[in-house]
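Please read them with the structure open beside you.

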Amino acid sequence: MRRAIELARTGMNENAGGPFGSVIVKDGRVIGEGNNRVTSTNDPTAHAEIVAIRAACQTLGTYELKDAVVYASCEPCPMCLAAIYWSRAGKIFIACGRDDAARAGFDDAYIYDEINTDPAERSVPMEQVMREAGVAVFKEWRLKEDKTEY
């Protein structure tokens, strides 16, 4: 956790992005780390946890971080939490919570609220079109014999 907090401070002081850091460990070894790089890379997905997940997956040569432990300087936002779940990491340790982040100007409460809102009523409305064409691709996927399940 000390390293995750150090990465948060370093990234902040180098103007890479917000004050967030993350380290991923597997079998007692650091396999990925990162700090927030949203503003320095003009990438809204370059949160510390996402950067660390990408590095860890590169290190292991896989898209799966089964049994890995994520250390985050702050409770992951909804995007990062979803990415951690998709990576199949085994545990998450956090230093600060979402309320601490909100007091620092990083309030994700509206995103948590949006998730439970009907898609058509969200602040960024969602409209379904061409469903049949989209479903056809899923049907092809189910029949594809050489797919990599994940």
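1. Where is the place of Y150? Y150 sits in the segment after α7, the helix of residues 131-143. Keep in mind that this is a predicted model. Y150 is exposed, because its relative accessibility is 64% and the cut-off for exposed is over 50%. Y150 also belongs to a nonpolar surface patch, together with Y63 and W141. The accessible area of these three residues together is about 370 Å².

2. Now the overall layout. The protein chain has seven helices and four strands. Read from the N terminus, their order is α-β-β-α-α-β-α-β-α-α-α. The C-alpha trace spans about 50 × 40 × 25 Å along its principal axes.

3. Next, burial and surface. The protein chain has 150 residues, and 29% of them count as buried. The chain exposes about 10,100 Å², with 53% of that supplied by carbon and sulfur atoms. Among contacts with a separation of 6 or more, 46% are between residues 24 or more positions apart.

4. Helix α4 deserves a look. S87 is in this helix, which covers residues 78-87. Is S87 buried or exposed? S87 is buried, because its relative accessibility is 4% and buried means under 20%. Leaving aside residues up to four places away in sequence, S87 touches I53, Y63, E64, L65 and K66.

5. R88 follows α4. R88 lies in the loop between α4 and β4. Its phi is positive, near 70°, and R88 is not a glycine. Most residues other than glycine have a negative phi. R88 counts as partly exposed because its relative accessibility is 31%.

6. N42 also has a positive phi, about 55°, and is not a glycine. Where is N42 found? N42 is in the loop between α2 and α3. With a relative accessibility of 71%, N42 counts as exposed.

7. N36 is found between β2 (29-35) and α2. N36 is buried, because its relative accessible area is 6%, where buried means under 20%. Apart from residues up to four places away in sequence, N36 touches A16, G17, G18, F20, A46, H47 and A48.

8. On to the largest pocket. About 330 Å³ of space lies in it. How many residues line the largest pocket? The lining has 21 residues, and F20, H47, C77, F106 and D108 lie nearest the centre. The elements that give two or more residues to this lining are α2 (38-41), α5 (98-103) and α6 (109-115). The largest share comes from α6, with three residues. Two of the residues nearest the centre, F20 and H47, are also touched by N36.

9. Salt bridges come to eight. In one of them, the side chains of E6 and R3 meet at 2.6 Å, N to O. Both residues lie in helix α1 (residues 2-13), three residues apart, about one turn of the helix. E6 is partly exposed, because its relative accessibility is 41%. R3 is partly exposed at 33%.

10. R3 has a further partner. Its side chain meets that of E33 in a salt bridge, again with 2.6 Å from N to O. This pair links distant parts of the chain: R3 is in helix α1 and E33 in strand β2, 30 residues apart. E33 is partly exposed, with a relative accessibility of 28%. Which residues do shared partners join into one network? They are R3, E6 and E33.

11. K147 pairs with E149, and their closest N and O atoms are 3.8 Å apart; the cut-off is within 4 Å. E149 is exposed, because its relative accessible area is 53%.

Methods: Residues numbered from 1 in each chain as written. Predicted model: local features only at pLDDT ≥ 70, side-chain atom pairs only at ≥ 80, totals over all residues. Heavy atoms only, no water. Patch = residues over 30% accessible without salt bridge, like charges linked within 9 Å, V, L, I, M, F, W, Y side chains within 5 Å. Areas by Shrake-Rupley, 256 points an atom, 1.4 Å probe, with all protein chains shown as cover. Buried < 20%, exposed > 50% of the residue type's maximum accessible area, 1.4 Å probe, protein only. Contact = heavy atoms within 4.5 Å. 1 Å grid on protein atoms, 1.4 Å probe; cavity = no way out; pocket = protein on both sides within 12 Å on 5 of 7 lines; lining within 4 Å. Points joined across faces, edges and corners; volume = space filled by probe spheres on them.
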